[in-house]
Amino acid sequence: MLKTMRGSSVEVDLTLRVNGSAQRLRLDSRVTLLDALRDRLDLTGTKKGCDQGACGACTVLVDGKRVLSCLTLAAQCDGREVTTIEGLSREGGLHRVQEAFIRHDGFQCGYCTPGQIMSAVALLKANPKPTVDEARLAMSGNLCRCGAYDHYLKGVMRAAREA
């Protein structure tokens with residue numbers, strides 16, 4: 001990672017592997033992963049909710065683990081694999097979690113859905129057969145304005161059964 005000074009800020013050159021593709025960026029070192037994804041890479045599926053790490057709308061996977069992209073600096077992800085909601089489906093098909101959420105009406109207004117799905121994917125990667133209580137706990141970091149929690153939970157459990 002190359003650093004250059006510009007006034008009082010420091011710019012960094014970094015490479016993110018986003019959804020399987022290397023993305024070279026020059027950013028202010030204070031830019032969050034969320035802002036880099038949305039504003040620089042035009043990946044707007046990751047939502048900006050509270051911008052304080054409290055709602056989970058910005059959830060993405062970094063090296064397969066769930067992170068809140070509003071609390072993660074892009075520079076921290078140099079050389080790491082970042083997966084966004086846009087990167088879940090391969091070859092035009094939906095990920096099994098996306099399909100399960102659709103079957104159980106787990107999208108309501110849709111604003112929190114990408115973060116909910118990314119949290120569910122991380123859960124099922126770490127624990128392919130969670131209990132309902134384990135799934136509820138893992139999803140508790142994601143807030144939903146519409147109150148579709150039961151729908152999300154049913155979607156997670158269905159995706160676990162279909163694995």
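**Notes on the predicted model**

1. Val97 is placed in helix α2. The structure discussed here is a predicted model. At 0% relative accessibility, Val97 counts as buried, because the cut-off for that class is under 20%. Leaving aside residues up to four places away in sequence, Val97 touches Ile117, Ala120, Val121, Leu124 and Ala159. The C-alpha atoms of Val97 and Ile117 are separated by 6.6 Å, although the two residues stand 20 apart along the chain.

2. To which core does Val97 belong, and which residues have the most contacts inside it? The largest nonpolar core has 24 residues, and those with the most contacts inside it are Val97, Phe101, Ile117 and Val156. Helices α2 (96-103), α3 (113-126), α4 (132-139) and α5 (149-161) each supply at least two residues of this core. The largest share, 7 residues, comes from α3. In soluble globular proteins, nonpolar side chains tend to be buried together.

3. Val156 deserves a separate remark. Again not counting residues up to four places away in sequence, Val156 touches Phe101, Ala120, Leu123, Leu124, Ala135 and Met139. Ala120 and Leu124 are also among the residues that Val97 touches. A second, separate core of 18 residues includes Leu16, Leu27, Cys77 and Val82.

4. Helix α1 should be read together with the strands. The buried residues of α1 (residues 33-40) are Leu33, Leu34, Ala36 and Leu37. These buried residues pack against β2 (9-18), β3 (21-28), β4 and β6 (81-83). Just after α1, Asp42 takes a positive phi of about 60°.

5. Where do Asp63 and Asp105 lie? Asp63 lies in the loop between β4 (59-62) and β5 (65-68), and Asp105 is found in the loop between α2 and α3. Neither is a glycine, yet Asp63 has a positive phi of about 50° and Asp105 has one of about 55°. Asp63 counts as partly exposed, with a relative accessibility of 40%. Asp105, at 35% relative accessibility, also counts as partly exposed.

6. The overall fold may now be set out. The protein chain has 5 helices and 6 strands. From the N terminus on, its elements run β-β-β-α-β-β-β-α-α-α-α. The radius of gyration of the protein chain is 16 Å, close to the 15 Å that the globule rule gives for 163 residues, so the chain is as compact as a globular protein of that length. Along its principal axes, the C-alpha trace spans about 50 × 30 × 25 Å.

7. Some totals for the chain complete the description. Of the 163 residues, 45% count as buried. Among contacts between residues at least 6 apart in sequence, 55% join residues at least 24 apart. The accessible surface comes to about 8,300 Å², and 50% of it belongs to carbon and sulfur atoms.

8. How many positive and negative side chains does the protein chain have? There are 23 positive and 18 negative side chains in the protein chain, and the centres of the two sets lie 2 Å apart.

Key
Residues are numbered from 1 along each chain as its sequence is written. This is a predicted model: local features need pLDDT of at least 70, side-chain atom pairs count only at pLDDT 80 or more; totals for chains, interfaces and linings use all residues. Side-chain values use heavy atoms; hydrogens and water are left out. Helices (H or I, at least four residues) and strands (E, at least two) are DSSP runs, numbered from the N terminus. The radius of gyration is taken over C-alpha atoms; the globule rule is 2.2 Å times the number of residues to the power 0.38. Buried means under 20% relative accessible area, exposed over 50%, partly exposed in between (1.4 Å probe, protein chains only). Contact means heavy atoms within 4.5 Å. Accessible areas come from the Shrake-Rupley method with a 1.4 Å probe; for residues, only the protein chains shown count as cover. Lys and Arg count as positive and Asp and Glu as negative; His and the chain ends are not counted. The place of a charge is taken as NZ of Lys, CZ of Arg, CG of Asp or CD of Glu. A nonpolar core is a set of buried Ala, Val, Leu, Ile, Met, Phe, Trp, Tyr and Cys residues joined through side-chain atoms within 4.5 Å.
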